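User: I am new to this structure and would like to understand how its parts are arranged. Please take me through it in questions and answers.

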Amino acid sequence: MEKETEYSGFYARFLGGFSLSYQGNPIVINANPQAGYMQILLCLLKAGKDGMDRKKLLDINQPEHKDEKQRSNNFRQQLHMLRGAIVGSGVPKGRYIVVYRSRYYFTREYELRTDTGMLDEMIACIRTALPTPEELREVYLNYCKVYTGEFLPTLNGEEWATVESAYYQKWYSTCLQGLCKILREEEDYELLLKLSTQASQIHPYDEWQVVQMDCLMALNRRKEAEKVYEEASQVYYRDLGMNALDRVVAGYQESSRFYHIGRIMNRVKNSLEEYGRVKGAYWCSYPSFVDIYRVRARIGEQRKESNLLLLCTLEEKPYSGGGWEKEKQEEQMELFQKVLHHGTRSEDVYTQYSKSQYLVLLSGADKGTGKVITSRLTSIWKKAGGQAEIKFSVSELDRLDRSERTERKNKA
């Protein structure tokens, strides 16, 4: 058994499987993890020092019961069973499953750390702390080291666990993709190979084998790359069928011996094309948006055509009061993203700029077109029931590079 991370108090691991330890010594609770009272325990361990309110616990533990009295009686019975299981597990003396100010806690007497808690801190740093490129690289790397598998895989049929699993996996993919770009620029293929190999083992259907093969080819380890390809092709063909296999092969490097140049080019083209019908503006990450912006500015300079940059800011309406909760703000941003997708044109490009802003590049558009699009977005937003106030700022793309603009400004 892998040795748990040692802390002065409790440490709970949720990723790749569950384990609980105290000062490095394992705590074993002999119960089925799918039992109702065990899911209460898992929720409270995950919540840590923040605890969890009674309603949320009831919704997870007693989702099928509509009668409030019956729900409460069942919940009290589950808590009684849980406390009995904890007493017999060898935990240090103390009070467990305690209620304080209408919130439930595993313990308020001992320190409690979790692997998901560490990931939550890293996610908060990425979202709000605006780290430097060096700090961001470190956060990405630490996330990939801490993430060791799906969240509570034995509970993948439970809705609450499935939601948590998807959340941490999404951020794992985001961090690893960010690292791919950084490590390729640094030409640190050994580290990238190690990370992509781990990712392929954790999530074998997420196509990280392509990154593995790229790294091995860059390190001139062709035979190992061929072996990765053969193993991946067997898995994809057996479990997902030929179409999924073809998508993996499409990302393979031209230096492969498996395919002649003509077939490689066809597969490269297929891998670059969008899937499904093209509707609405094109969504991309902010770094990709920067590249597209600069290309469009160059094209605009050569062809003397106008392009507009649209900044969309979501603000809480003055009369709503109370301040937005994080979940509410994310909900409004997700809704406005759908509005942007349907209210703009297929030649336009958009990205998220901050936790409350989107950027849209309106290709070949003048100010008249900009007014039409902002008016359309406002109308769709109201019909969609958006609660935030949307403020638009429109600017033409600069056709001069930064040095030329500075030079003209100095002459003026």
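User: How many bridges join β1 to β2, and how do these strands run?

Analyst: This is a predicted model, in which local features need pLDDT of at least 70, side-chain atom pairs count only at pLDDT 80 or more, and totals for chains, interfaces and linings use all residues. Residues are numbered from 1 along each chain as its sequence is written, and side-chain values use heavy atoms, with hydrogens and water left out. Strands (E, at least two residues) and helices (H or I, at least four) are DSSP runs numbered from the N terminus, and two strands pair if DSSP finds at least two bridges between them. Strands β1 and β2 run antiparallel, and the bridges that join them number four.

User: Are the residues on the two faces of β2 buried or exposed?

Analyst: Buried means under 20% relative accessible area, exposed over 50%, and partly exposed in between, with a 1.4 Å probe and protein chains only. S19 and S21 lie on one side of β2, with L20 and Y22 on the other, and all of these are buried.

User: Which strands stand at the edges of the sheet?

Analyst: The sheet is open and mixed in its pairing, with four strands in the order β3-β2-β1-β7. An edge strand has a single partner, so one side is left without a neighbour in the sheet; these strands are β3 (25–27) and β7 (112–114).

User: Which strands does helix α4 touch, and what angle does its direction make with that of β7?

Analyst: Axes are lines fitted to C-alpha atoms, for helices over the stretch in contact, and angles run from 0 to 180 degrees between N-to-C directions. Contact means heavy atoms within 4.5 Å. Helix α4 (residues 115–128) packs on the sheet and touches β1 (10–13) and β7, and its direction makes with that of β7 an angle of about 70°.

User: How are α6 and α7 oriented relative to each other?

Analyst: Helix α6 (residues 159–186) packs against α7 (residues 189–202) with axes 10 Å apart and an angle of about 155°. Angles under 35 degrees count as roughly parallel, over 145 as roughly antiparallel, 65 to 115 as roughly perpendicular and the rest as oblique. The orientation of α6 to α7 is therefore roughly antiparallel.

User: How are α1 and α3 oriented relative to each other?

Analyst: The axes of α1 (residues 36–47) and α3 (residues 68–87) lie 8 Å apart, at an angle of about 75°. That angle makes the orientation of α1 to α3 roughly perpendicular.
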